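Subject: Structure handover

Hi,

Here is the structure I promised to pass on. Have a look at it first, and then read on for what turned up.

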Amino acid sequence: MPYTLYRMTPDDAQVTTEWMVRQYGFDRKEVETWIATLHFNWPLSVKAINEQGEVIGLLNMSDYRIDEETEQIRIDNPSLLGQLNSMNYTAVFSFIVREDYRGSKLNYEMIQNIMPELEEYDFVFIPVLHRLKTHLYWQRWGAKEFYRDKECVYYQLPMSRSNCDILSL
């Protein structure tokens, strides 16, 4: 099943909204607000298109801060939040692969497509809703849980070799 990977642009906001509403069941207006306000890193985001011109995967990256995702961390662990926010990181906002492509190399190739740029960061911030099945996926990549609240588990995936053990702080 051949496909091509492309870097995304703000013109991909609509397809991102559609996929997030369909995949996660989020409210459309809420997703549109997130896309408009949460500092999407479009040049670092990737979409996969099959030979028929259909979108088969989206990896949306964002430069929003951890406390924009979970304000509760400011109350529960302000010291950890301060340490993490003092570092250079980007976030996986959404990573969706069409069902018939799951289990293929597509998700791996999408991440590898941006790996050279990711290595410029100290870590990648990855929030995962409790109900999703991707926790083990990110753990296999080396992501470590650093916080959880009622909605998500929050992982950091170390990227910079000088910051390999961020969570030992």
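To start with a side chain: is Glu 18 buried, partly exposed or exposed? With a relative accessible area of 29%, Glu 18 is partly exposed (buried means under 20% relative accessible area, exposed over 50%, and partly exposed in between, using a 1.4 Å probe and protein chains only).

Some housekeeping before the rest. This is a predicted model, in which local features need pLDDT of at least 70 and side-chain atom pairs count only at pLDDT 80 or more, while totals for chains, interfaces and linings use all residues. Residues are numbered from 1 along each chain as its sequence is written, and side-chain values use heavy atoms, with hydrogens and water left out.

**Salt bridges**

There are eight salt bridges in the structure, each being a side-chain nitrogen of Lys or Arg within 4 Å of a carboxyl oxygen of Asp or Glu. Glu 18 is in one of them: its partner is Arg 28, with the closest N and O atoms 2.6 Å apart. That pair links distant parts of the chain, as Glu 18 sits in helix H1 and Arg 28 in helix H2, ten residues apart. (Helices are DSSP runs of H or I with at least four residues, strands are runs of E with at least two, and both are numbered from the N terminus.) Arg 28 counts as partly exposed too, at 33% relative accessibility.

Another bridge joins Arg 74 and Asp 67, at 3.3 Å from N to O. Here Asp 67 is buried, with a relative accessible area of 16%, whereas Arg 74 is partly exposed at 43%.

Asp 100 is partly exposed, with a relative accessible area of 43%, and Arg 98 counts as partly exposed at 25%.

**The cores**

In soluble globular proteins, nonpolar side chains tend to be buried together. A nonpolar core here is a set of buried Ala, Val, Leu, Ile, Met, Phe, Trp, Tyr and Cys residues joined through side-chain atoms within 4.5 Å. The largest one has 32 residues, and those touching the most other members are Met 20, Ile 66, Phe 123, Phe 125 and Phe 146. Two or more residues each come from H1, H2, strand S3 (55-62), helix H5 (78-85), S4, S5, strand S6 (144-148) and strand S7 (152-158). A second, separate core has 27 residues, including Leu 44, Val 46, Met 61 and Met 159.

Leaving out residues up to four places away in sequence, Met 20 touches Gly 25, Phe 26, Val 31, Trp 34, Phe 93, Ser 94 and Ile 96 (contact means heavy atoms within 4.5 Å). Ser 94 lies in strand S4 and counts as buried, at 2% relative accessibility. Besides Met 20, the contacts of Ser 94 beyond four places in sequence are Tyr 24, Leu 58, Leu 59 and Asn 60.

**Pocket and cavity**

Both come from a 1 Å grid over the protein atoms alone: a cavity is a set of points where a 1.4 Å probe fits but cannot get out, a pocket is an open set with protein on both sides within 12 Å along at least five of seven lines, and lining residues have an atom within 4 Å of a point. Points are joined across faces, edges and corners, and a volume is the space filled by probe spheres set on the points.

The largest pocket has a volume of about 940 Å³. It is lined by 32 residues, and the closest to its centre are Tyr 24, Phe 95, Val 128, Leu 132 and Thr 134. S4 gives the most to this lining, with six residues. By class, the lining has 20 nonpolar, five polar and seven charged residues (Ala, Val, Leu, Ile, Met, Phe, Trp, Tyr, Cys and Pro are nonpolar, Asp, Glu, Lys and Arg charged, and the others, Gly among them, polar).

The search found one cavity of 30 Å³ or more, and the largest cavity holds about 50 Å³ of space. Its lining has nine nonpolar residues, with no polar and no charged ones; among them are Leu 59, Val 92 and Trp 138. Helix H6 supplies the largest share, three residues.

Cheers
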